[in-house]
Amino acid sequence: MSETNLAEMNEWRAFTQECVEALLAVGSDPNATYVIEHHFAGDDFDALEKVAVDLFKAGFEVTDAEEMETEDGEEILCFDAIIERPLTVEAITADFEKLFTIADKQDIVYDGWGTEFIEPWFTFKKCIFPYHEKGHYFKVTALFEIKQP
């Protein structure tokens with residue numbers, strides 16, 4: 001991998017750290033499973049297709065390529081690779097490092113990742129209560145979802 005690409009990968013590491021910390025700092029659910037969308041772009045359909053096949057084989061859902069116009073008026077092709085992950089720097093970094101490398105081999109641009117804020121709507125409370133049936137007593141454990149206001 002070139003020095004330029006190593007520098008870019010380091011920038012994505014810093015971006016990932018900042019984004020994960022920011023989402024958690026504003027209250028996004030730390031226990032949720034997040035849909036992470038990794039973005040790719042290029043002008044060579046065959047190369048883009050090779051990357052998409054490799055990402056699919058790696059377990060990612062791959063969207064159809066779409067034509068887009070850059071700010072400079074250039075036509076490019078884009079697609080996303082989607083996977084569910086916990087919102088951790090380690091999980092997302094491991095993914096983007098693998099995806100960046102796959103894209104780089106075909107001269108396709110890894111264009112970052114994104115996800116959405118998830119409101120922590122539910123908490124789980126563990127309750128143990130006695131239960132009597134046919135002359136026998138049991139302790140029953142139950143989990144209850146309680147919606148937070």
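Predicted model: local features only at pLDDT ≥ 70, side-chain atom pairs only at ≥ 80, totals over all residues.

Student: Is D29 buried or exposed?

Tutor: Relative accessibility answers that, and buried means under 20%. D29 has 14% relative accessibility, so D29 counts as buried.

Student: Which residues does D29 contact, leaving aside its neighbours within four places in sequence?

Tutor: With those neighbours set aside, D29 is in contact with Y34, I118, E119 and P120.

Student: Now the whole protein. How many helices and strands are there?

Tutor: The protein has three helices and seven strands. Along the sequence their order is α-β-α-β-β-β-α-β-β-β. The protein has 149 residues, and buried residues make up 30% of them.

Student: What do contacts say about residues that lie apart in sequence?

Tutor: Take the contacts between residues at least 6 apart in sequence: 66% of these join residues at least 24 apart.

Student: What does L55 touch, not counting residues up to four places away in sequence?

Tutor: On that count, L55 touches F40, F60, V62, F79, A81, L99 and I102.

Student: How are two packed helices described?

Tutor: Two packed helices are described by the angle between their axes and the distance between the axes. For α1 and α3, the angle is about 150° and the axes are 10 Å apart. An angle over 145 degrees counts as roughly antiparallel, so α1 is roughly antiparallel to α3. Their crossing is right-handed.

Student: Which residues of α1 and α3 meet?

Tutor: From α1 there are N5, E8, M9, W12, R13, T16, Q17 and V20, and these meet V89, I92, T93, F96, E97, F100, T101 and D104 in α3. Sorted by type, the residues of this contact are seven nonpolar, five polar and four charged.

Student: At what angle do α2 and α3 pack?

Tutor: The angle between α2 and α3 is about 150°, and their axes are 9 Å apart. Therefore α2 is also roughly antiparallel to α3. The crossing of α2 past α3 is right-handed. In this contact V51, D54 and L55 of α2 meet L99, I102 and A103 of α3. The residues of the contact divide into five nonpolar, no polar and one charged.

Student: One more residue, then. Where does D111 lie?

Tutor: D111 is in strand β5. Its relative accessibility is 46%, so D111 counts as partly exposed.

Student: How far apart are D111 and F79 in sequence and in space?

Tutor: They are 32 residues apart in sequence, and 9.9 Å apart in space from C-alpha to C-alpha.

Student: What does D111 touch, not counting residues up to four places away in sequence?

Tutor: D111 touches W12, H39 and F40. W12 is one of the α1 residues in the contact with α3, and F40 is among the core residues with the most contacts.

Notes:
Residues numbered from 1 in each chain as written. Heavy atoms only, no water. Core = buried A, V, L, I, M, F, W, Y, C linked by side-chain atoms within 4.5 Å. Buried < 20%, exposed > 50% of the residue type's maximum accessible area, 1.4 Å probe, protein only. Contact = heavy atoms within 4.5 Å. Axes fitted to C-alpha atoms, helices over the stretch in contact; angles between N-to-C directions. Helix = DSSP H or I, 4+ residues; strand = E, 2+ residues; numbered from the N terminus. Parallel < 35°, antiparallel > 145°, perpendicular 65-115°, else oblique. Left-handed = near helix turned anticlockwise from the far one by under 90°. Nonpolar A, V, L, I, M, F, W, Y, C, P; charged D, E, K, R; others polar.
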